[in-house]
Amino acid sequence: MTKISPELHTESAFSFVGGHHCLDFVNTEVMRQGERLELLPSADQFVAWLSAANLLTPDAAEQAHQFLKQPEDGATILTWVRVFRWQLRMMLDQIILGETVAPAIVAEINRWLAFQGGRLQLVQPAHGFCLQWQAAPSAPAHLLVPVAVVAADLLAEHDLTLIKRCDNPQCIRYFYDATKNHSRRWCSMDTCGNRMKVAAYYRRKRQEEHE
Ligand SMILES: [Zn+2]
C-alpha cells in the first residue's frame with residue numbers, strides 16, 4: 001500500500017528531475033524511508049502537477065477544477081491517472097531491459113491521444129522552437145491527453161537508450177540522461193547522488209581500516 005504523506009501534498013513537492021515530463025509523471029511515486037509515497041493523492045494534485053509541469057495553462061487548469069467539483073469525476077480521473085502511470089512505469093522498465101514496448105501500452109497511449117480537447121501549438125522558448133500540446137479540457141478524459149502526448153513524444157522523438165533508473169537501489173525514479181558522455185547515474189545529486197557517495201566513502205574507509 002502506498003503511503004500518503006501530508007507534508008508532500010503541496011505543488012512545491014513536485015520535482016522535475018526526470019529530464020522529460022513522461023519520466024517526471026512516473027516519478028510522482030517515490031520511495032521515502034523504504035516505503036512508496038504517493039505524490040498525487042487526489043485529482044486536484046494531478047491538475048496541480050499538470051500546471052507545475054506547464055502542461056496546462058492557468059485557464060485550462062481553471063476549467064479542470066470545474067470537473068473536480070463532481071466527486072465522481074475526481075475519483076474517475078484519479079483511477080485513470082494511477083492506471084496510466086503504472087502502464088508507463090512498465091513501459092520504462094521494458095525499455096530499460098531492452099524489451100519491446102508492449103503493444104497494449106502503445107494502444108493505451110493512442111487511446112488517450114484520440115481524445116482531443118486541445119490543440120498543438122508552436123512555441124518559441126529561448127532557443128529554437130517546439131511543439132506543445134495546449135489542453136482545453138471540456139471533459140475529464142481530456143486531462144490525460146497531455147500525459148499521452150509526452151509519452152508519445154518520448155517514444156517517437158527521443159533516444160530510448162538514454163532512459164535510466166536511478167542507481168540508488170532504494171530509489172524508483174527515472175531520468176533521461178542528456179549529459180554529454182551519458183554518465184548520469186542518479187535522479188538527483190542533492191538526494192541519491194550525495195547519499196550514495198557518502199555510503200561509498202564510508203565503505204572505502206571501513207575497507208582501509210581492515211587492511
Ligand atoms: Zn534516486
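## Starting from Ala148

Before going on, a quick note on what you're looking at. This is a predicted model, where local features need pLDDT of at least 70, side-chain atom pairs count only at pLDDT 80 or more, and totals for chains, interfaces and linings use all residues. Residues are numbered from 1 along each chain as its sequence is written.

## The nonpolar core

Ala148 is also one of the residues with the most contacts inside the largest nonpolar core, along with Cys22, Phe46, Leu88 and Ala151. That core has 46 residues. At least two core residues come from each of α1 (21–26), α2 (43–52), α3 (58–67), α4 (71–96), α5 (103–113), β4 (130–135), α6 (145–157) and β6 (174–176). The top contributor is α6, with 7 residues.

A residue is buried if 20 or more other C-beta atoms lie within 10 Å of its own, exposed if 12 or fewer, and partly exposed in between, with C-beta atoms placed from the backbone. Helices (H or I, at least four residues) and strands (E, at least two) are DSSP runs, numbered from the N terminus.

## The whole chain

Zooming out, the chain has 7 helices and 6 strands. Going along the sequence, they come in the pattern α-β-β-α-α-α-α-β-β-α-β-β-α. The radius of gyration (taken over C-alpha atoms) is 19 Å, close to the 17 Å from the globule rule (2.2 Å times the number of residues to the power 0.38) for 211 residues, so the chain is as compact as a globular protein of that length.

The C-alpha trace spans about 70 × 40 × 35 Å along its principal axes. Of the 211 residues, 29% are buried. Take the contacts between residues at least 6 apart in sequence: 60% of them join residues at least 24 apart.

Now for α3, where Ala60, Ala64 and Phe67 are buried. Seen down the axis of α3, these buried residues fall within an arc of 45 degrees (using the directions from the helix axis to the C-beta atoms), so they line one face of the helix. Here's the background: an α-helix has 3.6 residues a turn, so residues three or four places apart point the same way.

The buried residues of α3 pack against α2, α4 and β4. Over on the other side of α3, Pro58, Asp59, Glu62 and Gln66 are exposed.

## A hairpin and some loops

Strands β1 (residues 29–32) and β2 (residues 35–38) run antiparallel and are joined by 4 bridges; two strands pair if DSSP finds at least two bridges between them. Glu29 stands opposite Glu38 in β2. The two strands form a hairpin with 2 residues between them. Gln33 counts as exposed, because it has 7 C-beta neighbours inside 10 Å.

Asn54, in the loop between α2 and α3, also has a positive phi, near 60 degrees. Asn54 is exposed, with 12 other C-beta atoms within 10 Å. Further along, Ser183 lies in the loop between β6 and α7 (189–210), and counts as exposed with 7 C-beta neighbours inside 10 Å.

Note on methods: A nonpolar core is a set of buried Ala, Val, Leu, Ile, Met, Phe, Trp, Tyr and Cys residues joined through C-beta atoms within 7 Å. Two residues are in contact if their C-beta atoms, placed from the backbone, lie within 7 Å.
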